[in-house]
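Let's take a walk through this protein together.

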Amino acid sequence: FHFDNANASLQKFRIKSIDAINPYYFVTDEDTYRKVGGSIHTHPTLVINVHFDNISITSPRASSFVMTDFYGFIFLRNILIDGSKYEGEMNYPAIEVFNNAGMIVEYCDVLGNTGKGSKGDGIVLESCWAVWMSNLTAKNLSGRGYVFKDLHHSYITDLTAENCAGAGVVS
């Protein structure tokens, strides 16, 4: 699912009950925020109010979620990213979110294939505000379980980081 928000904002999507096997990316956007180099307040086009529910991604070959232009009312619920049977190196985070305000992440599991790769982080959030996270698992990753950089006004509970080659949680 590529959200082409290069010329206009996109709103109100619900993506539910999807199984993806061997995808390069599951969700991406135009990355206009980093391309124009502005602040979120002057950002021209955003992806707003998107729900992802009951998503299963098996043997991902790149980051499953790369969201740089998603802003406000983003829901990730019941997400499984299972790289345990992937034969290649997992040198990429499973979920990357940049410059978001208003996101709920619950019941998400990221499973890696320990020993293959070195940068396979679970969930990476950078410059995010108002994030509510609960019931998350990061297991057997070649990198860190959770990476939080510049995270503000957020509630995080019931995280599990097991057998990650890097730190369980980096903030």
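**A covered strand and its neighbours**

Start at strand β7, residues 95–98, which is covered on both faces: Ile95 and Val97 on one side are buried, and so are Glu96 and Phe98 on the other. "Buried" here is under 20% relative accessible area, "exposed" is over 50%, and "partly exposed" is in between, using a 1.4 Å probe on protein chains only. Strands and helices are DSSP runs numbered from the N terminus, with at least two residues (E) for a strand and at least four (H or I) for a helix.

Before going further, a word on what you're looking at. This is a predicted model, where local features need pLDDT of at least 70, side-chain atom pairs count only at pLDDT 80 or more, and totals for chains, interfaces and linings use all residues. Residues are numbered from 1 along each chain as its sequence is written, and side-chain values use heavy atoms, with hydrogens and water left out.

Back to β7 and its partners. Two strands pair if DSSP finds at least two bridges between them. Strand β5 (residues 65–67) pairs with β7 in the parallel sense, over three bridges, and there methionine 67 has valine 97 as its bridge partner. β7 also pairs with strand β9 (residues 123–139), again in the parallel sense, over four bridges. Look for isoleucine 95 in that pairing: it stands opposite isoleucine 123 in β9.

**Charged links**

How many salt bridges does a search of the whole structure find? There are three, a salt bridge being a side-chain nitrogen of Lys or Arg within 4 Å of a carboxyl oxygen of Asp or Glu.

Take glutamate 106 and arginine 77, whose side chains meet in a salt bridge at 2.5 Å, N to O. Glutamate 106 is in strand β8 (residues 101–111) and arginine 77 is in strand β6 (residues 74–82), so this pair ties together parts that are 29 residues apart in sequence. Glutamate 106 is buried, at 15% relative accessible area, while arginine 77 is partly exposed at 27%.

Another salt bridge joins the side chains of arginine 144 and aspartate 121, at 2.8 Å from N to O. This one links distant parts of the chain, 23 residues apart: arginine 144 sits in the loop between β9 and β10 (146–152), and aspartate 121 in the loop between β8 and β9. Aspartate 121 is buried, with a relative accessible area of 8%, and arginine 144 is partly exposed at 28%.

Then there's glutamate 162 with lysine 139, where the closest N and O atoms are 3.9 Å apart. Glutamate 162 belongs to strand β11 (residues 155–162) and lysine 139 to strand β9, so to speak a link between distant parts of the chain, 23 residues apart. Here glutamate 162 is partly exposed at 39% relative accessibility, and lysine 139 is partly exposed at 29%.

Now find asparagine 78 in strand β6, a partly exposed residue with a relative accessible area of 38%. Leaving out residues up to four places away in sequence, asparagine 78 touches Asp53, Asn54, Ile55, Glu106 and Tyr107, with contact meaning heavy atoms within 4.5 Å.

Which residues have a positive phi although they are not glycines? Serine 17 is one of them, with a phi of about 55°; you'll find serine 17 in strand β2 (residues 10–21), partly exposed at 46% relative accessibility. Asparagine 49 has a positive phi too, about 60°. Asparagine 49 lies in strand β4 (residues 47–58) and is partly exposed, with a relative accessible area of 25%.

Finally, check the confidence. pLDDT is the predictor's confidence in each residue, from 0 to 100. The protein chain averages 89, and 90% of the residues score at least 70. Confidence is highest in β6, at a mean of 97, and lowest in helix α1 (residues 32–36), at 61. Where pLDDT is low, the predicted coordinates should not be read in detail.
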